Amino acid sequence: MTDEVRRESLFTIEATPVKFGPGASSDAGWEMKRLGGQRLFVVIDPEVQRLGVAEHILASLREAGLDLVLYSDIDTEPSIQALERAVSAARDAQPDAFVAIGGGSTIDTAKVANLLLSHGGEIMDYVNPPVGGGKKPPSPLKPLLAIPTTAGSGSEATTVAILDIPELKIKTGISHRYMRPAQAIVDPELARSAPSAVIASAGLDVVCHAAESFLSRPYTTRERPATPDDRPPYQGSNPVADLWSAQALRYGGQYLRRAVQNGDDVEARGFMMLSATMAGVGFGSAGVHIPHSCAYPIAGLKHEYRDPGYPGEKLFVPHGFSVIVTSPASFRFTFDADPAKHIQAAEFLTGRTYAPDDSEALPQALLELMKDVGAPSGVAALGYDESDIPALIDGALKQQRLLAVAPKQPKRDDLERIFRESMRNW
């Protein structure tokens, strides 16, 4: 068999149907009725519930004649134990459909509860290898209506749910096409109440999603899978995913600063919500790689950091911050794999023009954005020092599902350099 025959020759683009615009969330009852749900397990962020942000959504569902079971025991950056509680509650409720109202943690919680209710087993059965069993759900899940309330994450558009496993000191995920929500409603009005730090972290995650997927290895460089079922969700960059990722980068550069500065700037927060969905479609096909691989051990190895801008007292590293701190060094490392696309990504983000050999264009654009929205300055600001680097590298190397789509494969010494450079970005 020739090398050409063994190479991948096709890619897949799948997207959640999205209803977008101010006031769109009032259509929740109509959308769920259309999806066929009757008894709903409504996973709702406790802060969203406390502030009354979702009352009109719940009213819309009830007015449609639907039966609601509310569940708000949501963990920010959920641990496996928090997800197990949600699974248990969903099994007790026996719903025929799910609704998620909140940020990425809320939507991911609903995804996992839906997966386990639909197909049984334990969470670790489905967690991505080598951490978990990598079991694939055999058939579609129950309908999930996802309604994000933050300007970021993109979980409403993706096949992925992320979880923290404290016993293993690592974050990882579950990924399968059946975990994509059946419908998303993206309503900019819902993001008004989100704290600026939440918008900053989620928005930087959006920018990183878009940059990583845009710069992932071309899908044609992967080996063709033995069967269609073996084709990974993260397939590498392709012409369609690149369009979504490029526009998400543009919106991130244009609107994230404004979205962080003013909660009443519905235009800016709305465009960041839209860019999150766009980036979710892009990386849902192409994939994310080195910054996300580094982020999971940063978030999972220690639980000592508390961001003063986040509600609650939980000690954790917000996901977008854990991702963005290594992104400048990561893109310095990958630059020579495709200089032209790295320059394009920087130009999308800033609107400026750069020299074709400017390896600092994208790293500097990201650093400017990080400073402007109040991101931590590096890995050290999150509670780590250089003695932690070997353990951080070990954790990053476990994320082979992600590293497989990097445009340039990092060895251990490459990851060491990335972590060292990222300890203090300024």
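Guide: In this predicted model, the centres of domain 1 and domain 2, taken over C-alpha atoms, are separated by 23 Å. Domain 1 covers residues 18-191 and domain 2 covers residues 196-422. Where they touch, 32 residues of domain 1 are in contact with 36 residues of domain 2. The area buried between domain 1 and domain 2 comes to about 2900 Å². Carbon and sulfur atoms give 63% of that area. On the side of domain 1, the residues that lose the most area to domain 2 are E77, A151 and K171. Together these three account for 19% of what that side buries.

One of these three residues deserves a second look. E77 is found in the loop between strand β3 and helix α5, the latter spanning residues 80-93. Its phi is positive, about 50°, although E77 is not a glycine.

Next come the polar links between the domains. Across the interface of domain 1 and domain 2, three salt bridges are found. Ten residue pairs across this interface are in polar contact, with both residues at pLDDT 80 or more.

The side chains of D75 and K314 meet in one, with 2.9 Å from N to O. In the whole structure, a search finds 30 salt bridges. Another of them joins the side chains of D67 and R39, at 2.6 Å from N to O. D67 lies in strand β3 and R39 in strand β2, so this pair ties together parts that are 28 residues apart in sequence.

That pair leads to the sheet. Strands of a sheet pair through backbone hydrogen bonds, either parallel or antiparallel. Here six strands form an open sheet, and the pairing is parallel. Read across the sheet, the order is β1-β8-β5-β4-β2-β3. The edge strands are β1 (18-20) and β3 (67-71), each of which pairs on one side only. From one strand to the next, the twist averages 15°.

Strand β4 (residues 97-102) and strand β5 (residues 144-148) pair in the parallel sense over five bridges. Among the residues involved, I101 has I147 in β5 as its bridge partner.

Helices lie against this sheet as well. Helix α10 (residues 266-286) packs on the sheet and touches β1, β5 and β8 (183-186). The direction of α10 makes about 170° with that of β1. Helix α4 (residues 55-63) lies across β2 (39-44), β3, β4 and β5. Its direction runs at about 150° to β3.

P129 and P130 are joined by a cis peptide bond, with omega about 5°. P130 sits in the loop between α7 (123-126) and β5.

Key
Residues numbered from 1 in each chain as written. Predicted model: local features only at pLDDT ≥ 70, side-chain atom pairs only at ≥ 80, totals over all residues. Heavy atoms only, no water. Pairing = 2+ DSSP bridges. Helix = DSSP H or I, 4+ residues; strand = E, 2+ residues; numbered from the N terminus. Axes fitted to C-alpha atoms, helices over the stretch in contact; angles between N-to-C directions. Contact = heavy atoms within 4.5 Å. Domains from an automatic or database assignment. Buried area = accessible area lost by both parts, 1.4 Å probe. Salt bridge = Lys/Arg side-chain N within 4 Å of Asp/Glu carboxyl O. Polar contact = N/O pair within 3.5 Å; in protein donor to acceptor, adjacent residues only side chain to side chain.
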